[in-house]
Amino acid sequence: MWLLKLESVVAATDLKEASRSALSTAARLAALASAALHVVFVEEAPTRDAEARVREELEVAAPGAGEPASVVVMSGDAARAIVNRAVQVEADAIVLGPHARAVHQPGKMGGTAAAVVRSASCPCLVAARDLHLPLRNVLAPVDRSEAAEGTLSVALSWTSALRPRGGTARLTAFHASPAGPEREAAS
């Protein structure tokens with residue numbers, strides 16, 4: 001197992017209320033780990049005041065969080081831009097919201113969030129709500145894939161590093177097996 005290493009955290013925002021939890025969570029994780037916080041906002045045609053709006057939104061979401069290491073406003077495909085920014089700053093984690101519409105449909109993730117999770121080379125945290133720290137209970141959904149091994153490593157590391165000081169936290173690895181003929185094939 002490797003230890004929690006957060007030196008660079010990317011927070012993606014769409015400047016909607018639904019992404020405030022992602023900004024708040026990213027700012028708290030970065031502060032806790034003394035990591036650099038990089039905020040990225042992608043819109044089709046960025047306006048001149050876009051960076052100022054991003055900074056205002058960060059202050060609303062994470063009052064007193066301090067100055068981020070960078071605030072970048074980009075245009076183009078949002079998922080690609082977020083992942084590219086994470087590569088540029090050598091991010092150890094990307095924190096983003098599920099998407100404004102997905103918040104009102106529990107269990108749904110928007111296309112941008114899903115594309116970032118699928119293509120990023122670092123762990124991604126999709127934060128529909130503020131992350132409550134310290135962590136007390138963590139659920140890690142796993143299967144038999146190589147990606148699931150990474151999921152379990154990150155879950156173990158984060159559970160250990162973000163548990164209550166001097167206390168414990170519980171990590172549950174969850175694997176759901178298909179029913180019927182699919183179950184035999186999965187075995």
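Counting pairs of cysteine sulfur atoms within 2.5 Å as disulfides, the tally here comes to zero. The sulfur of Cys122 has its closest cysteine sulfur in Cys124, 5.3 Å away, which is too far for a bond. Cys122 counts as buried because its relative accessibility is 13%, while Cys124, at 26%, counts as partly exposed. Those words follow relative accessible area: buried is under 20%, exposed is over 50%, and partly exposed lies in between (1.4 Å probe, protein chains only).

A word on the numbers. This is a predicted model, in which local features need pLDDT of at least 70 and side-chain atom pairs count only at pLDDT 80 or more, while totals for chains, interfaces and linings use all residues. Residues are numbered from 1 along each chain as its sequence is written, and side-chain values use heavy atoms, with hydrogens and water left out.

Five strands form an open sheet in the order 3-2-1-4-5, with parallel pairing. Strand 3 (70-74) and strand 5 (124-126) sit at the edges with a single partner strand each, so one side of each has no neighbour in the sheet. Helices (H or I, at least four residues) and strands (E, at least two) are DSSP runs numbered from the N terminus, and two strands pair if DSSP finds at least two bridges between them. Strand 2 (residues 36-42) and strand 3 are joined in the parallel sense by five bridges, and Phe41 has Val73 in strand 3 as its bridge partner.

Helix 1 (residues 20-33) packs on this sheet and touches strand 1 (8-13), strand 2, strand 4 (93-96) and strand 5; contact means heavy atoms within 4.5 Å. Helix 6 (residues 146-161) also has buried residues, among them Val154 and Trp158. Their cover includes helix 1, strand 4 and strand 5.

What about the inside? A nonpolar core is a set of buried Ala, Val, Leu, Ile, Met, Phe, Trp, Tyr and Cys residues joined through side-chain atoms within 4.5 Å. The largest one has 31 residues, and those touching the most other members are Leu6, Val9, Leu29, Leu37, Val39, Val95 and Trp158. Helix 1 gives this core its largest share, six residues. Leaving aside neighbours within four places in sequence, Leu37 is in contact with residues including Val9, Ala26, Ala30 and Leu58. There is also a second, separate core of 19 residues, which includes Val40, Ile82, Val89 and Leu96.

Notes
Axes fitted to C-alpha atoms, helices over the stretch in contact; angles between N-to-C directions.
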